[in-house]
Amino acid sequence: MKRNWWKESVIYQIYPRSFKDSNGDGIGDLRGIIEKTDYLKDLGVDILWLSPIYQSPNDDNGYDISDYYQIMTEFGTMADFDELLAELHKREIKLVMDLVVNHSSDEHEWFQKSKTSKDNPYRDYYIWRKGKNGGPPNNWKSFFGGSVWEYDEETEEYYLHLFTRKQPDLNWENEKLRQEIYAMMRFWLDKGVDGFRMDVIPLLSKRLEFADGDMSDFGKAVEKIYANGPRIHEFLQEMHREVLGKYDVVSIGEGVGVPPETAELYVGDYRKEINMIYHFGHMFIDHGEKGRMDPKNWTRSGFVDVFKSWDRALKANSWGTIYLGNHDFPRLVSRFGDAENYWYESATLLATLICILRGTPTLYQGDEIGMRNVSFKQASQFRDVEFFNTYKEQKAIQGDKFDENKFIEIACEFGRDNARTPMQWDSSVNAGFSKVQPWIDVNSNFSEINVANQENSPVSILSFYKKLLKFRKEDLIWVYGEQEIFELIENQLYAVARIQGSVVKWVILNFSNSEFEIDLWLADDSEIQFSNYQSANENKHLGPWQVSIFAMSLESYISLKNSILN
Ligand code: ISL
Ligand code: CA
């Protein structure tokens, strides 16, 4: 396997609006991040991914960009940006920008011009169609509820928006538009930025017939109708030729709608498209046919199977990512762990899982202190456009039967705002995030869960993350080692082997509240190396949510494997 810095790195995602407010307006900003660069260094991360910081009216918190060349006023200035980049580089941390080019804001100059008339030169920067039978061109539904088509009275046509109506989709068929995007990418790369995380990149190429589609299962519709369009690989290869291939940078696609079977088309290194994608199998595992507000049951086996199938899919020539949360999903410990009963143990087990599986790990801000989901009581506490659109839609559909409290309860478990409450720095007012009331309420648990509390404690989630990242860095086996995953006890106990030459690392993970004797799954020469329990020297036993890592010889591993498989 070819060595690359981006395979050996750990990524940390910052949602700038919620990280640190430096100037007392309740909104996180770039100078706030600058204040915390030592914190990031100390944590041990190598790459910082910033959610969008470009000029934006914030209909979708920066994922609706009105000027790709300006910093969002609330976040600071270009001088602040340059300083942040320099401070990060001084500390050998790389910076990855969010690249949102499936759509722009409707307030972008291009769209403002595009909508003035059918023959404006910018008309073709977006996707305009005539209506059908007095309604929109087809039955496609937006990610955030309602039709993807918005009618424009002026020119009597509809424009396409897969997300909100303030996020019109750009027309990638238009060569001029593509060149504008490439020039913009070069602008940031020439400043010294180290790569891009590419928002909904599989959606760029549209199925231009705009035929009606089966909308009954949204996840399927995304894969078959919105993503993986006919020209997507041509566009990405062009982008690589024109931009990415000329720099030593990393490209990480948000791989929404990409199944493991065809992932290699995006990330195979011989394809010259992008380096890796964030895949979604596990992130949609609890979403029903109507999406996140339509929850469904999931099993631990199903969860582990996602990682197995992706590992199988990404063979010798491809590379993957490992993450369990971001700004669009609930807090990982609340979702995949047991935050009520085994908060510390399950948060640290999940952290370990992220760092020992094959693929570049991405951590999300606040998970390193075990931040948990919110318990908002009122609709007015939410901020996410997806929450409000779905709220309105459900209210309209259900009428008198709409149960607002139930809806809020579901949103506190599944909604995007869970990940967007302010970072909890200390137990002072507003969790030390801001001197004033923040743009979104601080999680009410901030006086217990915060950085200051954990920083100086040897047994804290934060101290564990630091130890874990060091441990990972000590051995390239975690990067380049072969990988095999075993289910030892259905839905509860799993093992991951990483193999390099004659060395094997054997990770046993207990995803349950039960205790297990594990002699059966150890060899005589198994030596404990790492655990999230203090007393792990008593190593033939796993407590609830315990993970232990052993080293053993290849020989021992082979016979152990045979006994497990028989
Ligand atoms: O969270 C989702 C909807 O329930 C996901 O499907 C999400 O919309 C999808 O992963 C795309 O996300 C990205 O693009 C969106 C933006 O709102 C998200 O924050 C971003 O991560 C549109 O730009
Ligand atoms: Ca601010």
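Analyst: The answer below begins with the ligands and then turns to a sheet and the cysteines.

This is a predicted model, in which local features need pLDDT of at least 70 and side-chain atom pairs count only at pLDDT 80 or more, while totals for chains, interfaces and linings use all residues. Residues are numbered from 1 along each chain as its sequence is written, chains are lettered from A and ligands numbered from 1 in the order in which they are written, and side-chain values use heavy atoms, with hydrogens and water left out.

Ligand 1 has 19 residues around it, and those that come nearest are Asp60, Glu254, Arg292, Asp328 and Glu386. Here a residue is near a molecule or strand if one of its heavy atoms lies within 4 Å of it. The side chain of Arg292 has an N or O atom 2.5 Å from an oxygen atom of ligand 1. For the side chain of Glu254, the corresponding distance to an oxygen atom of the ligand is 2.8 Å, and for that of His103 it is 2.9 Å. On its own, ligand 1 has 490 Å² of accessible area, and the protein covers 97% of this. Accessible areas come from the Shrake-Rupley method with a 1.4 Å probe; for residues, only the protein chains shown count as cover.

Ligand 2 is a calcium ion, and its protein donors are Asp21 (OD), Asn23 (OD1), Asp25 (OD), Ile27 (O) and Asp29 (OD), lying 2.2 to 2.3 Å from the ion. Donors are N, O and S atoms within 2.8 Å of the metal (3.2 Å for Na, K and Ca); water is not among the atoms, so sites may look incomplete. Along the chain, these donors follow the spacing D-x1-N-x1-D-x1-I-x1-D. Asp21 counts as buried at 4% relative accessibility, whereas Asn23 is exposed at 52%. Buried means under 20% relative accessible area, exposed over 50%, and partly exposed in between (1.4 Å probe, protein chains only).

Elsewhere, three strands form an open sheet in the order β6-β8-β7, with antiparallel pairing. Because β6 (128–129) and β7 (149–152) stand at the edges with a single partner strand each, one side of each has no neighbour in the sheet. Strands (E, at least two residues) are DSSP runs, numbered from the N terminus, and two of them pair if DSSP finds at least two bridges between them. β6 pairs with β8 (residues 157–160) over two bridges, and Trp128 stands opposite Tyr159 in β8.

Finally, the cysteines. Cys355 is buried at 1% relative accessibility, and Cys412 is buried at 11%. The count of disulfides is zero, a disulfide being a pair of cysteine sulfur atoms within 2.5 Å.

Technical notes:
Helices (H or I, at least four residues) and strands (E, at least two) are DSSP runs, numbered from the N terminus. A polar contact is a pair of N or O atoms within 3.5 Å; within protein, one must be able to donate a hydrogen and the other to accept it, and residues adjacent in sequence count only if both atoms are side-chain atoms.
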